[in-house]
Amino acid sequence: MNIQATDSVGNQYSYEENFWTGKKKLFINGQEAQKMSKKTFSVQRADGQSEVVTVKGSFFSGVSVLTSGGEVTLVKNKWYEWILIFLPLVGIVFGVALCGAIGGFLSALFGFIAAFVNASMLRSSVNIAVKIFLCMVVTAVATAIWIGLWYLIASMVLAAVNK
């Protein structure tokens, strides 16, 4: 996912994070910062000096960049965004507790996919009411899918055992 922001001085930041691998890239004023460690990058400033910047957070929790000039917040979750992002993950508790290993796996898989989709939608420029509605729909659909798949698999296993 790509997050873009501009600080008060006019520097443009672009942050990319791969959902599956966690690999991060940072661009400052169109120039890719060289990765030094998992969260630390080196970038050449306009005056030719090298500056070390640190990325704090993630796509889910919000992203800030710490530079020599201070902290630049690229995205910060509001209270309702926290709820909407992590709401699909509540199903994992029920999947593990009530549906065993298969339900736990399916609920975790579809819960994380729904959380990613919700976070992506919340980062978009759509009207907030539409965002909330779509996040609730995504959560409900993901939950219905994993419950339906679990029921289908459990029924097939029971049918095979009872033969």
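User: In which strand does S42 lie, and which residues is S42 in contact with beyond its neighbours within four places in sequence?
Analyst: This is a predicted model, in which local features need pLDDT of at least 70 and side-chain atom pairs count only at pLDDT 80 or more, while totals for chains, interfaces and linings use all residues. Residues are numbered from 1 along each chain as its sequence is written, and side-chain values use heavy atoms, with hydrogens and water left out. S42 lies in strand β6, residues 40-44, where helices (H or I, at least four residues) and strands (E, at least two) are DSSP runs numbered from the N terminus. Contact means heavy atoms within 4.5 Å, and with neighbours within four places set aside the partners of S42 are A33, Q34, M36, S50, E51 and V52.

User: How far apart in space are S42 and V52, C-alpha to C-alpha?
Analyst: V52 is among the residues in contact with S42. The two are ten residues apart in sequence, and their C-alpha atoms are separated by 4.5 Å.

User: What is the strand order of the open sheet of five strands?
Analyst: Two strands pair if DSSP finds at least two bridges between them. The edge strands, each pairing on one side only, are β5 (34-35) and β9 (70-76). The pairing is antiparallel and the order is β5-β6-β7-β8-β9.

User: How many bridges join β7 to β8, and which residue in β8 is the bridge partner of K56?
Analyst: Strand β7 covers residues 50-58 and strand β8 residues 62-67, and they run antiparallel with five bridges between them. The partner of K56 in β8 is S64.

User: Is T67 buried or exposed?
Analyst: T67 is placed in strand β8 and touches Y13, E51 and V53, not counting residues up to four places away in sequence. Buried means under 20% relative accessible area, exposed over 50%, and partly exposed in between (1.4 Å probe, protein chains only). The relative accessible area of T67 is 19%, so T67 is buried.

User: Which residues form the covered face of β1?
Analyst: In a regular strand the side chains alternate between the two faces of the sheet. In β1, N2, Q4 and T6 make up the uncovered face, and the covered face is I3 and A5.

User: Why does I3 count as buried?
Analyst: I3 is in strand β1, residues 2-6. Apart from neighbours within four places, its contacts include Y13, F59, V63, L74 and R123. V63 is 60 residues away in sequence, with a C-alpha to C-alpha distance of 8.6 Å. I3 counts as buried because its relative accessibility is 6%.

User: Which residue takes a positive phi in the hairpin of β1 and β2?
Analyst: β1 pairs with β2 (residues 12-17) in the antiparallel sense over five bridges, and A5 has Y13 as its bridge partner in β2. Five residues sit between the two strands of the hairpin, and the one with a positive phi, near 110°, is G10.

User: What is the radius of gyration of the protein?
Analyst: The protein has three helices and nine strands. The radius of gyration is taken over C-alpha atoms, and the globule rule is 2.2 Å times the number of residues to the power 0.38. For 163 residues the rule gives 15 Å, so the protein is more spread out than a compact globule, with a radius of gyration of 20 Å.
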